Amino acid sequence: MTLIEIIGFVGSGLVIWAYVPQIEHLIKEHCSAGVSRRAYTLWFIAALLLFIHAVIIRDIVFIFLQAANALLTLTIIVFANKYRNGICSTHKSGKDPF
Ligand SMILES: [Zn+2]
C-alpha cells in the first residue's frame, strides 16, 4: 500500500467516524429531528454514482469511501424514515444532543 492510499484510507475513516453520532442518535433515541431525508437521499444517489466512477477508474480508496458513504447514508435514510416523527427529550428541549 502506498503512502497516498494510506492517507486516503485515513481520510475515509474520518468520514465514516463522522456518521457515527447521527446513526447512534437515530437508533438509540428513535429521534430523526434535524435529519433531512431529502439531503441524505441526494447524498446516497451521489455516493452510488461516484462509486460507479471509482470502480471504472479502479481507485481503491474511492471505491471504499463511496461504498461506505452509500451504506451509511442509506442507513440514515432507513432509520430516519422508520422514526419519521420521533423526537427525543433533548431535541424537544431545544438543546443540541451532539
Ligand atoms: Zn434527538
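Which loop holds Arg58? Select Arg58: the loop between H2 and helix H3 (60-82) holds this residue. Helices here are DSSP runs of H or I with at least four residues, strands are runs of E with at least two, and both are numbered from the N terminus.

**Before you go on**

This is a predicted model: local features need pLDDT of at least 70, side-chain atom pairs count only at pLDDT 80 or more, and totals for chains, interfaces and linings use all residues. Residues are numbered from 1 along each chain as its sequence is written.

**Stop 1: the whole chain**

Show the protein chain. It has 4 helices and 0 strands. From the N terminus, the order is α-α-α-α. Its C-alpha atoms fill a box of roughly 50 × 25 × 15 Å along the principal axes. Of its 98 residues, 14% count as buried. A residue is buried if 20 or more other C-beta atoms, placed from the backbone, lie within 10 Å of its own; 12 or fewer make it exposed, and anything in between partly exposed.

**Stop 2**

Most residues other than glycine have a negative phi. Arg58 counts as exposed because it has 8 C-beta neighbours inside 10 Å.

Now select His30, in the loop between helix H1 (3-29) and helix H2 (37-57). His30 is not a glycine, yet its phi is positive, about 55°. Is His30 exposed or partly exposed? His30 is partly exposed, because 14 other C-beta atoms lie within 10 Å.

**Stop 3: H1 against H3**

Show H1 and H3. Their axes come within 10 Å and cross at roughly 5°. Axes are lines fitted to C-alpha atoms over the stretch in contact, and angles run from 0 to 180 degrees between N-to-C directions. H1 and H3 are therefore roughly parallel, a term for angles under 35 degrees. Residues in this contact include Phe9, Ile16 and Ile23 of H1 and Phe64, Leu65 and Leu72 of H3. Contact means C-beta atoms, placed from the backbone, within 7 Å. By class, the H1–H3 contact has 16 nonpolar, 5 polar and 1 charged residues. Ala, Val, Leu, Ile, Met, Phe, Trp, Tyr, Cys and Pro count as nonpolar, Asp, Glu, Lys and Arg as charged, and the others, Gly among them, as polar.

**Stop 4: the core**

Select Leu26, Cys31, Tyr40, Leu72, Ile76, Phe79 and Ala80: these 7 residues form the largest nonpolar core. H3 gives the most to this core, with 4 residues. Such a core is a set of buried Ala, Val, Leu, Ile, Met, Phe, Trp, Tyr and Cys residues joined through C-beta atoms within 7 Å. Finish on Phe79. Leaving aside neighbours within four places in sequence, Phe79 is in contact with Leu26 and Ile27.

Key: Parallel < 35°, antiparallel > 145°, perpendicular 65-115°, else oblique. Contact = placed C-beta atoms within 7 Å.
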